[in-house]
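Please keep the sequence and the model in view while reading.

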Amino acid sequence: MVSLEASSINFRNIIIDKIFINAKNIKLKFIIRKGKPSVELLENFFLKFTISFTSDQINNICLSEDWKSLGDFFTTEFFLDSTFKKIEIDDNLFKVKVLSNESNQMIEKLLKIDIKSGKLNFTDIDSNKNSILPIDKSIKVNIFNFNQKTLTLVCTSEVTI
């Protein structure tokens, strides 16, 4: 079994304060060609990882150019003609704030979170409309929890050759 704990990670321009990764049954082939060593993965394997996000980190992600689609997910799924502004974690809920493009006023909605088929599902408390957050199909969310103003996810993912 391989266990890693890392901090200050930049994953596809998402800054992650801390992540815990566990993997087993990793089969590698070490190759030395012309004096140059390399490593080759022989079989797919599964990772189990735990990752935590604060409200500030979620906002930085949703407002970044690289991950703007996540902020757009909330505005298109739960609001009409609006621009994403902010998410706050509040009492085990996401408080999503947007700017209405029509009225130029701030609007907010409370979204609860659960897991459906290994994906995060968000439900508007008022309208009961729900939508599953689009994430990489190889990632399965197993558990989530809130601790103060932090969302922690326990996930598995298959690493393929």
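## Lining of the largest pocket

In this predicted model, strand E12 gives the largest share of the lining of the largest pocket, contributing six residues. The pocket itself holds about 1,000 Å³ of space, and 36 residues line it, of which Phe11, Ile14, Ile51, Phe53 and Ile139 are the closest to its centre. Besides strand E12 (150-159), the elements that give two or more residues to this lining include strand E1 (2-11), strand E2 (14-23) and strand E5 (45-54), together with helix H1 (55-63) and helix H2 (68-78). Strand E9 (119-124) and strand E11 (139-147) also belong to that group.

Sorted by class, the residues that line the largest pocket comprise 30 that are nonpolar, three that are polar and three that are charged.

A disulfide is a covalent bond between the sulfur atoms of two cysteines. The structure contains zero disulfides, and for Cys62, which takes part in none, the nearest cysteine sulfur is that of Cys155, 16 Å away. Because a disulfide requires two cysteine sulfur atoms within 2.5 Å, the 16 Å between the sulfur of Cys155 and its closest cysteine sulfur, in Cys62, is too far for a bond.

Are these cysteines buried or exposed, given that buried means under 20% relative accessible area? Cys62 counts as buried because its relative accessibility is 5%, and Cys155, with a relative accessible area of 3%, is buried as well.

Definitions and conventions: Residues are numbered from 1 along each chain as its sequence is written. This is a predicted model: local features need pLDDT of at least 70, side-chain atom pairs count only at pLDDT 80 or more; totals for chains, interfaces and linings use all residues. Side-chain values use heavy atoms; hydrogens and water are left out. Buried means under 20% relative accessible area, exposed over 50%, partly exposed in between (1.4 Å probe, protein chains only). On a 1 Å grid over the protein atoms alone, a cavity is a set of points where a 1.4 Å probe fits but cannot get out, and a pocket is an open set with protein on both sides within 12 Å along at least five of seven lines; lining residues have an atom within 4 Å of a point. Grid points are joined across faces, edges and corners, and a volume is the space filled by probe spheres set on the points. Helices (H or I, at least four residues) and strands (E, at least two) are DSSP runs, numbered from the N terminus. Ala, Val, Leu, Ile, Met, Phe, Trp, Tyr, Cys and Pro count as nonpolar, Asp, Glu, Lys and Arg as charged, and the others, Gly among them, as polar.
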